[in-house]
Number of protein chains: 2
Amino acid sequence: MPATIKDVAKLAGVSISTVSRVINDSKPVSQEVKKKVLDAIEELGYRPNEIARTLVTKKSFLIGIIVTDIGNSYVAQMVRGIEEVGKMYNYDILLCSSYGDKETELRFIQLLNRKQVEGIILLSEIVNKEVKEQIELLKIPFVYLNRYFFIEHFPTVSINDYDASYEMTRYLISLGHKNIAYVTTNEEVEYSLEKLKIAGYRKAIEELGESDEILCFTKGYNIEDGYEIGKDVLNLKKDLNITAVFCSHDELAIGLMNYFYDNSIRVPEDISVSGYGDIKIASIYRPRLTTIKEPYYDIGAVAIRRIIKEIKGEEMDKSHIKLPFQILTRESCTKIEK
Amino acid sequence: MPATIKDVAKLAGVSISTVSRVINDSKPVSQEVKKKVLDAIEELGYRPNEIARTLVTKKSFLIGIIVTDIGNSYVAQMVRGIEEVGKMYNYDILLCSSYGDKETELRFIQLLNRKQVEGIILLSEIVNKEVKEQIELLKIPFVYLNRYFFIEHFPTVSINDYDASYEMTRYLISLGHKNIAYVTTNEEVEYSLEKLKIAGYRKAIEELGESDEILCFTKGYNIEDGYEIGKDVLNLKKDLNITAVFCSHDELAIGLMNYFYDNSIRVPEDISVSGYGDIKIASIYRPRLTTIKEPYYDIGAVAIRRIIKEIKGEEMDKSHIKLPFQILTRESCTKIEK
DNA sequence: TTGAAAGCGGTACCAC
DNA sequence: GTGGTACCGCTTTCAA
């Protein structure tokens, strides 16, 4: 059994109130008494029980985060940002992985609530409106992070996807590309962020006025889905003479490039490929992937900062925080000769 | 303020003991009373406060894990295994990232202890003997995971590195390679696992008896370190006619292959490259990397299972659990013509 | 089957 | 400055 505050008090020959005062530095204690207490603490190896402390103060210094899968590199980056900033404010992270299951997300929200977390960050990849209701009942600081969907009027942080998509398309055009395919997921769902991104792409294509938009739909968001679409893209190349492919997620771009590699299509000589996200592998893969940098770490950092502010009772500035993005020009895209 | 057990008791017109009994199902309660309580719980949206519960039961259902960096894919995989199995037993994960700092590791151990975690998994990349002392003082179930070093008599789980290294070298030899360089970190530290791995490699080379061992030292374990060694490896190729490189970590292999790509050396046509670990990127990269599969997920899963067993008071079988590995033959290594 | 009460390890208010 | 004590929300004897 570890030593308690009582043990310390007894050994030091003082009351537990006094011990509490010295460990919290909450009220003045005379030098001599302080020393006695400190000695007793040292001797017993006493460490305050945070659980007991939390029970009375209501401050658990815990923030719960529900992620889809920490194995996704972008998720890991966000979690890094969340944890690192959290630690700066003495907050610890309770990690839960939902693996994309709706019910699990809901269950974890309850779980975290019971564990008395002071805030929750939900890093989701699905749209789950029940979460919205549940969360609102909890009356707990909350941020919703989702790379694919949005829920209206829900606190979140991201880049401006419309602008990012527009800028990337403009960049490809600036390289001389005219027939540019946009590869995305076949998501006709109401809340898909892809709508914004497609709109950005579309605007740039329309401004160019020399070609039509070419949309190419995958089954999902993964590397495998990118790989599977390879054949279709090749047909597009043949039929519509596309010279560049703008993938709505790096994963799709990597999958596509793998397909090209396996089929002896050279990137970027035969076709340019760009991505979206700048996940870790984008700069490791060869050729390195031209992409849009979504600042995952910062998104996490800002999210938790927001939560901590709210815990401290500060008013929230605005619901949707938008962070700057960056077009990263690398070797997977090249100029086209006129 | 959320409802407490008292609120429920009052509303249901029973004592808090009774409420406690129905929520824990710990002692018989008459059907009618039970229903009243359940209704009250429902009406108030009551959820038991786990903190209060923990204070009396001493069971926090929390396991602390200290990692170097969740951004490393192998770390993320281990954490997945840890969390998933933990959840099966109702345990939650408190995540702390040390970023390889000794002092931080130590601090987190104290932190986790104060938060009353029931066990700790330290996923380290450095050797820190003070940790050993600290941990032992805590008298708390503990597992030490380290890909690079070991601490004697410390509970851990890994593959048999000597065997794995031996098998991989044998595989390369079976492809016809004779002059095989082993790329590793220049770690003359006492507790480096590299010693084992080098010994395995050496044994296979000696058994072949047709060539000498060729050791090649990098500055560290990262992709960049692998890249930097590229030039040296090329010289080895010229001078000693090496045809295969066995890298002690996938990261080094990927870095090396990047160097080769950037310098127009073809893998595997000009040189075969193999890795160690099977991190995520190994099977995504092109050419896919031949490597040794370290079952990261399983390592994490076994680690936490061990901890939970110990929490439950079961005796520990043995200190060092060894899991099976696998030689994954992919395209980065090819047969050599005689 | 139910209730009263002690106590888990702290904090904080109130007296002195 | 210091000690006494109520209380945080719950579990768990012990009696009734």
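## The loop at A:Asn241

A:Asn241 is located in the loop that connects α11 and β8 of chain A. In this predicted model, the C-alpha atoms of A:Asn241 and A:Asn179 are 6.7 Å apart, although 62 residues separate the two in sequence. Leaving aside residues up to four places away in sequence, A:Asn241 touches A:Asn179 and A:Leu236.

## The parallel sheet of chain A

Four strands of chain A form an open sheet with parallel pairing, in the order β7-β6-β8-β9. The edges are taken by β7 (214–218) and β9 (272–274) of chain A; each has a single partner strand, so one side of each is left without a neighbour in the sheet. From one strand to the next, the twist averages 25 degrees.

Strand β8 (residues 244–247) of chain A runs parallel to β9(A) and is joined to it by 3 bridges. The bridge partner of A:Val245 in β9(A) is A:Val273. Helix α11 (residues 230–240) of chain A lies across β6 (180–185), β7 and β8 of chain A, at about 165 degrees to β7(A).

## Nonpolar cores

The largest nonpolar core contains 157 residues, of which A:Val233 and B:Val233 touch the most other members. Not counting residues up to four places away in sequence, the contacts of A:Val233 are A:Val183, A:Cys216, A:Ile242, A:Val245, A:Leu256, A:Phe260 and A:Ile271. Another core, of 40 residues, lies apart from it; A:Leu112, B:Leu62, B:Cys96 and B:Phe154 are among its members.

## Salt bridges

Over all chains, the structure holds 42 salt bridges. One of them pairs A:Lys115 with B:Asp92, with the closest N and O atoms 3.4 Å apart. A:Lys115 lies in the loop between α6 (102–114) and β3 (119–124) of chain A, and B:Asp92 in strand β2 (residues 92–97) of chain B, so the pair joins two chains. A:Lys115 is buried at a relative accessible area of 8%, and B:Asp92 is buried at 1%. A network of salt bridges links A:Glu83, A:Lys87, A:Asp92 and B:Lys115.

Within chain B, the side chains of B:Lys293 and B:Asp278 form a salt bridge of 3.7 Å, N to O. B:Lys293 belongs to strand β10 and B:Asp278 to the loop between β9 (272–274) and β10, so the pair ties together parts 15 residues apart in sequence. B:Lys293 is partly exposed, at 31% relative accessibility, whereas B:Asp278 is buried, at 14%.

## A buried glutamate without a salt bridge

B:Glu294 is found in the loop between β10 (291–293) and α13 (296–311) of chain B. B:Glu294 is buried and has no salt bridge; B:Arg147, the nearest side chain of opposite charge, is 4.2 Å away, and a salt bridge requires nitrogen and oxygen within 4 Å. Residues touched by B:Glu294 include B:Arg147, B:Ile159 and B:Tyr276.

Terms used
Residues numbered from 1 in each chain as written. Chains lettered and ligands numbered in written order. Predicted model: local features only at pLDDT ≥ 70, side-chain atom pairs only at ≥ 80, totals over all residues. Heavy atoms only, no water. Pairing = 2+ DSSP bridges. Axes fitted to C-alpha atoms, helices over the stretch in contact; angles between N-to-C directions. Contact = heavy atoms within 4.5 Å. Buried < 20%, exposed > 50% of the residue type's maximum accessible area, 1.4 Å probe, protein only. Lys, Arg positive; Asp, Glu negative; His and termini not counted. Core = buried A, V, L, I, M, F, W, Y, C linked by side-chain atoms within 4.5 Å.
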